[in-house]
Amino acid sequence: MGALHVNDKDFNKEVIKSDIPVLVDCWAEWCGPCRMVGPVIDKLADEYKGKFKITKLDVDHNRETAMKYQIQSIPTMMIFVKGEVVDGFIGAHPEASIRAKLDKYIK
């Protein structure tokens with residue numbers, strides 16, 4: 001199944017109003033590092049289902065949200081808890097590093 005693709009229209013509903021923590025993977029089709037980390041994000045989405053919502057935001061097609069969160073480099077990962085950005089990182093990180101970040105916010 002993989003990560004949930006979000007856009008400018010449903011970002012508020014899917015991310016900001018989520019009852020569980022959310023990882024937003026800001027990416028673009030042309031970005032090599034984004035394509036490298038993509039399968040890891042999809043794998044984690046399946047494994048963390050129900051504990052963490054894992055989403056992808058295509059910055060080329062959702063410029064409003066990308067601008068709001070000042071996304072300047074991709075991939076950028078943002079972690080939201082109760083509608084607020086609480087953590088994040090830039091660049092293609094290894095799976096273990098991403099897991100460690102997610103695990104910090106699971107209750």
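Me: What makes Ala3 and Trp27 contacts of Lys56?

Reply: In this predicted model, Lys56 touches Ala3, Leu4, His5, Val6, Asp25, Trp27, Gly38, Ile41 and Asp42, leaving aside residues up to four places away in sequence. Contact means heavy atoms within 4.5 Å, so each residue in that list meets the cut-off with Lys56.

Me: Why is Lys56 called buried?

Reply: Its relative accessibility is 9%. Buried means under 20%, and 9% falls under that limit, so Lys56 counts as buried.

Me: Where in the fold is Lys56 found?

Reply: Lys56 belongs to strand β3, which covers residues 53-58. In β3, Lys56 is the bridge partner of His5.

Me: How do you know that β1 and β3 pair?

Reply: Three bridges join β1 to β3, and these strands run parallel.

Me: What makes β1 an edge strand?

Reply: The open sheet has five strands in the order β1-β3-β2-β4-β5, with mixed pairing. Strand β1 (4-6) pairs on one side only, as does β5 (84-90), and these are the edge strands. On average, neighbouring strands of this sheet are turned by 30° against each other, direction ignored.

Me: Which strands does helix α2 touch?

Reply: Helix α2 (residues 32-47) packs on the sheet and touches β2 (22-27), β3 and β4 (76-81). The direction of α2 makes about 150° with that of β3.

Me: And which strands does helix α4 lie across?

Reply: Helix α4 (residues 95-103) lies across β2, β3, β4 and β5, and runs at about 170° to β5.

How values were computed. Residues numbered from 1 in each chain as written. Predicted model: local features only at pLDDT ≥ 70, side-chain atom pairs only at ≥ 80, totals over all residues. Heavy atoms only, no water. Helix = DSSP H or I, 4+ residues; strand = E, 2+ residues; numbered from the N terminus. Buried < 20%, exposed > 50% of the residue type's maximum accessible area, 1.4 Å probe, protein only. Pairing = 2+ DSSP bridges. Axes fitted to C-alpha atoms, helices over the stretch in contact; angles between N-to-C directions.
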